[in-house]
Amino acid sequence: MANNISESLKGKKRARETDTEAEASDFDQILSLEENLTFSDTLVALRIMRAQFPQSDKVSVQPFILRSQLYSSVEDRTQVDRDLENLRREKVLRIFKLNTGQDDHAIMFFDDYLCQMERVVKRLEEKKDSDILEVFKWFKSHVLDNKFEPSIEHQELCTLLALGGKVKDEHISLLINSGLLTRQLIDSNIYWFAIPNIGSVLKGLSQGRKEVLSLLNRRRYKEMMLAPLEKKLLRYSPLDMRFHLRDLIGSGHLKTAKTPTGLVVRVSKD
């Protein structure tokens, strides 16, 4: 039965992305950050950045995009927020609150999230009784398909899970321990939806932000041309320089300016 649960979580394949993944990959291979820093369409930006997500043994999660990265890539932030809301309700993607900053949110395509969830189930199949693993099937079919917001209240969670079977405390504990839910600090009765196995990547995200800002702050004018900056390697983050630059530009910590020789990246003044 456990194998059936794992298979059912695969659900939809990536039919929505098939037509554009090859195109996104081509962008990744051909264009530098300076050549594709901005886009006119939110979904195109998401797909390109998904294709450009760092591939490394140290990154054990499916590709995700930060909302700040979208803000650096699409000029109309109001349109970005409107598009994200529509895409979330259409079950194209999910949005997750991160613990790395007050306004940090990760965006993950829904199919990628199901793949991440499937990894969790496969890892637990050898350790847990198949009956308790049924909760993952309920979670996918009744919770994820009906609750699109980043958080959910305990009673609503139990009500939705109960559409699949009798809910026990150990079911909720399993969802928390597997990394699919985290309790809110200010209200333990509310859970954030979460991305399993993202902890080490988030640590690298925080450290990488500090490393990039430190690198620029040590320069005389606290600036550097984008082209050579993008090629620099980071010591403390599994995420690459391009990932961090999009994030820091979108969050306002860095800004860009055009010069006769290309784009320059500067530390924003307080």
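Cysteine 158 is buried, since its relative accessible area is 17%, and buried means under 20%, exposed over 50% and partly exposed in between, with a 1.4 Å probe and protein chains only. Cysteine 115, by contrast, counts as partly exposed because its relative accessibility is 26%. A search of the whole structure for disulfides, that is, pairs of cysteine sulfur atoms within 2.5 Å, finds 0.

Please keep in mind that this is a predicted model, in which local features need pLDDT of at least 70 and side-chain atom pairs count only at pLDDT 80 or more, while totals for chains, interfaces and linings use all residues. Residues are numbered from 1 along each chain as its sequence is written, and side-chain values use heavy atoms, leaving out hydrogens and water.

I turn now to the sheet. Here 3 strands, in the order E7-E9-E8, form an open sheet with antiparallel pairing; strands are DSSP runs of E, at least two residues, numbered from the N terminus, and two of them pair if DSSP finds at least two bridges between them. Strands E7 (223-225) and E8 (254-259) stand at the edges, each with a single partner strand, so one side of each has no neighbour in the sheet. E8 is joined to strand E9 (residues 262-267) by 6 bridges, and threonine 259 has glycine 262 in E9 as its bridge partner.

Finally, the helices, which are DSSP runs of H or I, at least four residues. The axes of H10 (residues 199-217) and H12 (residues 241-250), lines fitted to C-alpha atoms over the stretch in contact, come within 10 Å and cross at roughly 80°. The two helices are therefore roughly perpendicular, a term for angles of 65 to 115 degrees.

Technical notes. Axes fitted to C-alpha atoms, helices over the stretch in contact; angles between N-to-C directions. Parallel < 35°, antiparallel > 145°, perpendicular 65-115°, else oblique.
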